[in-house]
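Please read it alongside the sequence and coordinates shown here.

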Amino acid sequence: MKVAVLGFGTVGVGVYGMLAEAAGLEPGPVLVRPGKENEPFKVSSIEAIVNDPAVGAVAEVIGGVEPAYTYACAALRAGKHFVTSNKALVAAKGVALNKLAREQGVAFLFSAACGGGVPFLHNLALARESDEILSLGGILNGTTNYMLDAMQRLGLDYADVLADAQRLGYAEADPTADVSGLDALRKIMLACAVAYDRLPVEGLLNEGIESITAADVAHFQSRGYTCRLVVSGGKNADGGVSAYVEPVLLRVGAPECSVLENYNMARYEGKCSGSIVLMGQGAGRWPTASAVLRDLSGILRGERYMFSEACAEGAADNSGSVHGYYVRLPAALAGEFEAESVETDGEIARLVTAPLSVQAMHETVKKLRAEGASVFFAAIRQ
Ligand code: HSE
């Protein structure tokens, strides 16, 4: 099967290189920006790809919702299988693309959009057919894991480790999506859609690592904690789903603490299987390209969809998830939370809250920040 590649950046170069070696697949035209067609296989018009009868599948690795969505629709309407690594696209338009692909009788697969090289969605889609998925979670952003690991283990500064993650090809073109938790949130949205037929597009909560300081790191490390950016999702008692992202303080020795550099650790809990954990590189050229190739090879074996026919957009409800938090904030605001312990150091207070809902925590901090306060918080897992 001849595969056209949309985009020739970090991942596109990897996909194109792997296609030349893959059994049953061959590299086709590559879509680049006008003026960048400096080699014969590069084209700058999507029409040249969708109108090419020799192209059987299109692999999109541009990122962002547009023009990727327009290109995806054009490829599917032309009867091409469509594979993407683009979480923003699938989180925003996945339900519509799933419907269109099914109408056209072609594949819509996106392993690489969640977990980089880790075959998380693929295994989740298999597991949900025979087991009930009770919960989902883990570490699904390589950039922030790389940054937190380097800050904590090597004592490096936030700005330096972010620059390193960008140089190594882990971060998004705009790394705000990584450090704000939005990239990880999009991934847990996709996992919920695969596991529960519900793509949550409202009621979502994401807290990233933008507020963490070297002093925060020193403080919780001295108390035996390591910080990771963790995604959580699951089925609520009423049949709804929860989906949120936040930094979590873990006791050294917790499994997530062994996730270093750009690695991801994806987890689901099946009613019968118990906890299943998958670990591997969550970002970077070759891990991500390997997931795109895995989908393309899967098409040759007859794989077609990750979302079921019933998959629809819905809302998340995080009001039932409750735990204690570590909070660093101006001392004058310490009374905003019911605290189990408070340490004050001049103008700064560091406290451990009584258990409260994820919803209440995120909303309270949003309000305090809107009033100008500098706040860092992380859930505490004992
Ligand atoms: N920026 C993403 C990450 C790339 O760091 O995980 C892989 O999805």
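## Salt bridges

The side chains of Glu343 and Arg223 meet in a salt bridge with an N to O distance of 2.9 Å, where a salt bridge is taken as a side-chain nitrogen of Lys or Arg within 4 Å of a carboxyl oxygen of Asp or Glu. The model is predicted, so that local features need pLDDT of at least 70 and side-chain atom pairs count only at pLDDT 80 or more, whereas totals for chains, interfaces and linings use all residues. Residues are numbered from 1 along each chain as its sequence is written, and side-chain values use heavy atoms, with hydrogens and water left out.

The structure holds 16 salt bridges. Another of them joins Glu132 and Lys271, whose closest N and O atoms are 3.7 Å apart. This pair links distant parts of the chain, 139 residues apart: Glu132 is in the loop between helix H5 (120-130) and strand S7 (133-139), and Lys271 is in the loop between strand S12 (263-270) and strand S13 (274-281). Helices (H or I, at least four residues) and strands (E, at least two) are DSSP runs, numbered from the N terminus.

The protein chain is divided into domain 1 (130-279) and domain 2 (322-381), with bounds that come from an automatic or database domain assignment. Their centres, taken over C-alpha atoms, are separated by 20 Å. In all, 23 residues of domain 1 are in contact with 17 residues of domain 2, contact meaning heavy atoms within 4.5 Å.

About 1,700 Å² is buried between domain 1 and domain 2, and carbon and sulfur atoms give 54% of this area; buried area is the accessible area (1.4 Å probe) that two parts lose on being put together, summed over both. Between the two domains there are 5 salt bridges, and 14 residue pairs, both at pLDDT 80 or more, are in polar contact. A polar contact is a pair of N or O atoms within 3.5 Å; within protein, one must be able to donate a hydrogen and the other to accept it, and residues adjacent in sequence count only if both atoms are side-chain atoms. On the side of domain 1 that touches domain 2, at least two residues each are supplied by strand S9 (205-206), helix H10 (214-222), strand S10 (225-235) and strand S11 (241-251), and S11 gives the most, with 8 residues.

## Ligand surroundings

The residues around the ligand include Lys87, Asn141, Gly142, Thr143, Tyr170 and Asp183, a residue being near if one of its heavy atoms lies within 4 Å. A polar backbone atom of Gly142 is 2.8 Å from an oxygen atom of the ligand, and a polar side-chain atom of Thr143 lies 2.6 Å from an oxygen atom of the ligand. For Tyr170, a polar backbone atom is 2.7 Å from a nitrogen atom of the ligand.

## Backbone details

The peptide bond from Glu66 to Pro67 is cis, with omega near 10 degrees, and Pro67 is in the loop between strand S4 (55-60) and helix H3 (68-77). Asp197, a residue other than glycine, has a positive phi near 65 degrees.
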